[in-house]
Amino acid sequence: MNSDRIVKKLVLKATRERVWGAISDSGSFGAWFGAEIDGPFVAGKEAVGRIAPTKADPEVARLQEPYRGMPWRVVVEQIEPMMLLSFRWHPYAVDPDHDYSKEPMTLVTFELADAEGGTLLTITESGFDQIPIERRAEAFNANEGGWAHQTKLIEKYLSLGTQI
């Protein structure tokens, strides 16, 4: 097992354009991911908002509810339209009394590729080996489970179409 990176792959039954819209438009991203994001994703800029339960799945929304209103911040690294979106963030930064600003960030990458029956989405989060040892295992395990939920959420979001 690799302790430095989490990789999730899934084929979404949607066009590349729809999947790209779901990950690159900050409003759409927030709707399935579970965040209210103030403004668009722009490469080289920080995107800020707050956790808000997902609109794609009531069960996952209940799991996210205790974190409602907590800051959500990422630094958008790269945007390659229809291919890749990446950002850096502090993984599992949920303790309001902890200052995460001095810690290294992990890199989250969403990559799109054509696949039979839809679009292959590969989500990779890497850089856990740089996280302080006292938080590393907890952050990795929390995000491993979190990305498992998120893959289901984007799938559900895309299947619901414009109903969200």
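Student: In this predicted model, what makes Lys8, Leu10 and Ile123 contacts of Thr151?

Tutor: Contact requires heavy atoms within 4.5 Å. Lys8, Leu10 and Ile123 are in contact with Thr151 once its neighbours within four places in sequence are left aside.

Student: Why is Thr151 called buried?

Tutor: The relative accessibility of Thr151 is 13%. Buried means under 20%, so Thr151 counts as buried. Thr151 lies in helix α4.

Student: Which residues have the most contacts inside the core?

Tutor: They are Phe29, Trp32, Trp72 and Phe110. Trp72 touches, among others, Phe29, Phe33, Ile37, Phe41, Val48, Arg50 and Trp89, with residues up to four places away in sequence not counted.

Student: How do you know that helix α2 is largely enclosed by the rest of the structure?

Tutor: Of the 8 residues in α2 (residues 26–33), 7 are buried, so the helix is described as largely enclosed. The buried residues are Ser26, Ser28, Phe29, Gly30, Ala31, Trp32 and Phe33.

Student: What is found at the start of α2, and what follows the helix?

Tutor: At the start, a side-chain oxygen of Asp25 reaches to within 3.2 Å of the backbone nitrogen of Gly27. After α2 comes Gly34, with a positive phi near 110°.

Student: What is the volume of the largest pocket, and which lining residues are closest to its centre?

Tutor: The volume is about 830 Å³. Of the 30 lining residues, Ile51, Trp89, Tyr92, Ala93 and Val94 are closest to the centre. The elements giving two or more residues to the lining are β3 (46–51), α3 (58–64), β4 (71–80) and α4.

Student: How do the residues of that lining divide into nonpolar, polar and charged?

Tutor: The lining has 19 nonpolar, 8 polar and 3 charged residues. In this division Gly counts as polar, and Asp, Glu, Lys and Arg as charged.

Key:
Residues numbered from 1 in each chain as written. Predicted model: local features only at pLDDT ≥ 70, side-chain atom pairs only at ≥ 80, totals over all residues. Heavy atoms only, no water. Core = buried A, V, L, I, M, F, W, Y, C linked by side-chain atoms within 4.5 Å. Buried < 20%, exposed > 50% of the residue type's maximum accessible area, 1.4 Å probe, protein only. 1 Å grid on protein atoms, 1.4 Å probe; cavity = no way out; pocket = protein on both sides within 12 Å on 5 of 7 lines; lining within 4 Å. Points joined across faces, edges and corners; volume = space filled by probe spheres on them. Helix = DSSP H or I, 4+ residues; strand = E, 2+ residues; numbered from the N terminus. Polar contact = N/O pair within 3.5 Å; in protein donor to acceptor, adjacent residues only side chain to side chain.
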